[in-house]
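This report is for a reader who is new to the structure. Please have the sequence and the model at hand while reading.

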Amino acid sequence: MTPPLLEQGLPTAHRWIAAERTSDVGITQAVADPVFDPAGKAWWIAMLASLPFVLWLIGSIVWLFYRGIGIWGINSTVVWGVAIANYVWWIGVGNAGTLISAMLLLTRQKWRSSINRFAEAMTLFAVTIAGLMPIVHLGRPLYAYWLAPYPNTMALWPQWRSALVWDFWAIVSYLLFSILFWYVSLIPDLATMRDRSRTRAGQLLYGAFALGWRGSARHWHGLQTLHTTMAALGVPLVCSVHSIVGLDFAASLMPGWQESIFPPYFVVGAMYSGFAMVIVLALAIRWGLNLQAIITPAHFEVMGRILLMASIVMGYSYASEWFFGWYGGKHSDRGLVAFEFTGTYAPLFWALLACNVVLPQALWFPGVRWSLPALFTIAIAINIGMWLERILIIWNTLSHDYMPALWRTFHFTFWDWSFLIAPLGLFAFLFLIFVRVVPAVSMFDMRDLAHREGAA
């Protein structure tokens, strides 16, 4: 794809929205009509394709509760497996949505207007799926509520030194904040949907959730103040949540895990996989809802730059782990580094490096950043690589710890594949429902952007 005028250094008035959609009516029609119009054939095909995966996940959970966690490939040494890797991966994808929206709002990045709504929805669905994973991994999931400090007569309180308790509070606090942050920015659009709804039921439903929004100056001032304040609170919250996930490993004494770099390393990894997922979703929404005028190639180009930056940071993080493992001089740490490159999971480790570090270097070239098929391929590779990173953090250390007599390898079972693949279908199912219920793009943000670009 040939870079447009802005890439050639020439001025352009409409970088983030096509000129034919700069009017308020044009933006409203482009975003609201896909919700009110009957669902197309592509949506029904996608829904029917995702539904079997939802049933597959439900059946897998039922069977797991019936037979126990022994149906997985875990053993007496590798006591963590796909469920915990999925938890870290999904919470990373979920963290990125709010981080993207809040950070870009605080830094006044105009291009956030086209992606913030569905990026935040991605957060809600991903964090929900992530929260299921530790629960199904519990030996007695019916007692998961013991993680919460509730009044009781047996003086039973959580063990605050347990990483599981840290995760519980991280997920609950982040999910509640993400719901409020997403909902606050949705209120003006709900009022627009209320006014444009063609049915009485739609008017009542959208009107109830719009909370009496009238678009007065007082309402706009209160909304913008609250939204900016929440964004300022959201950035440190997101960083703390995934830092806690990193501390699940770093707080242990296992070789390769007691690394001080883990908290920032996990935060950058979450942003990395999250931006890659946003690119995939943006391409799907752009095509499925005919939003080519709202989500332009310039959005993908700037997200490609962020992926390139994150890939460099990830490469530095990997290299620092290897260096300090060697420099520390401990036999267990050096042996672990050697096991990563030459051991049982070495092919997966080399694939990880190719997906997360080597392949994204193509983004140095402008032609790659402006090519949507190339960006889609790189984004999918990054998400695969980031999942491999999560599972290999677990497998490499637990399979090769201090005692050679306890070295074991992990072997996939059908149920491991089930908990890896089926949640993707649930995520797609929830996202398909989302785009048919509320606007996938923020109308009021796009109107503001159109006025600013028109004035420019």
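Asn290 counts as exposed, because its relative accessibility of 58% is over the 50% cut-off. The residue is found in the loop between α8 (262-288) and α9 (297-327). Most residues other than glycine have a negative phi. The model described here is a predicted one.

Leu211 also has a phi near 55 degrees, again positive in a residue other than glycine. Leu211 lies in the loop between α6 (200-210) and α7 (217-250). With a relative accessibility of 58%, Leu211 counts as exposed.

## Overall build

How many helices and strands does the chain have? There are 15 helices and zero strands. The chain's radius of gyration is 23 Å, close to the 23 Å that the globule rule gives for 456 residues, so the chain is as compact as a globular protein of that length. Taken along the principal axes, the box filled by the C-alpha atoms is roughly 70 × 60 × 40 Å.

Of the 456 residues in the chain, 54% are buried. Among contacts between residues at least 6 apart in sequence, 81% join residues at least 24 apart.

## Surface and charge

The accessible surface of the chain comes to about 20400 Å². Carbon and sulfur atoms account for 70% of that surface.

The chain carries 26 positive and 21 negative side chains. The centres of these two sets lie 7 Å apart.

## Aromatic rings

The structure holds 42 aromatic pairs. One of them is formed by Trp56 and Phe414, whose rings are stacked at 6.1 Å centre to centre with 25 degrees between the planes. The pair counts as stacked because its planes are under 30 degrees apart. Trp56 lies in helix α2 (residues 41-67) and Phe414 in helix α14 (residues 414-437), so the pair ties together parts that are 358 residues apart in sequence. Trp56 is partly exposed, with a relative accessible area of 26%, and Phe414 is partly exposed too, at 49%.

Which residues do ring pairs link into a cluster? The cluster consists of Trp80, Phe249, Trp257, Phe262, Tyr265, Phe266 and Tyr318.

## Val54 in helix α2

Val54 is a residue of helix α2. Is Val54 buried or exposed? Val54 is buried, because its relative accessible area of 11% is under the 20% cut-off.

Leaving out residues up to four places away in sequence, Val54 touches Gly425, Leu426 and Phe429. Val54 and Gly425 are 371 residues apart in sequence, yet their C-alpha atoms are 6.0 Å apart in space.

## His400 in a loop

Where is His400 found? His400 is in the loop between α13 (372-399) and α14. Its relative accessibility is 12%, and His400 counts as buried.

What does His400 touch, leaving aside its neighbours within four places in sequence? His400 is in contact with Pro255, Gly335, Leu336, Phe339 and Trp407.

Conventions. Residues are numbered from 1 along each chain as its sequence is written. This is a predicted model: local features need pLDDT of at least 70, side-chain atom pairs count only at pLDDT 80 or more; totals for chains, interfaces and linings use all residues. Side-chain values use heavy atoms; hydrogens and water are left out. Helices (H or I, at least four residues) and strands (E, at least two) are DSSP runs, numbered from the N terminus. The radius of gyration is taken over C-alpha atoms; the globule rule is 2.2 Å times the number of residues to the power 0.38. Buried means under 20% relative accessible area, exposed over 50%, partly exposed in between (1.4 Å probe, protein chains only). Contact means heavy atoms within 4.5 Å. Accessible areas come from the Shrake-Rupley method with a 1.4 Å probe; for residues, only the protein chains shown count as cover. Lys and Arg count as positive and Asp and Glu as negative; His and the chain ends are not counted. The place of a charge is taken as NZ of Lys, CZ of Arg, CG of Asp or CD of Glu. Rings of Phe, Tyr and Trp (its six-membered ring) pair if their centres lie within 6.5 Å; planes under 30 degrees apart count as stacked, over 60 as edge-to-face and the rest as tilted.
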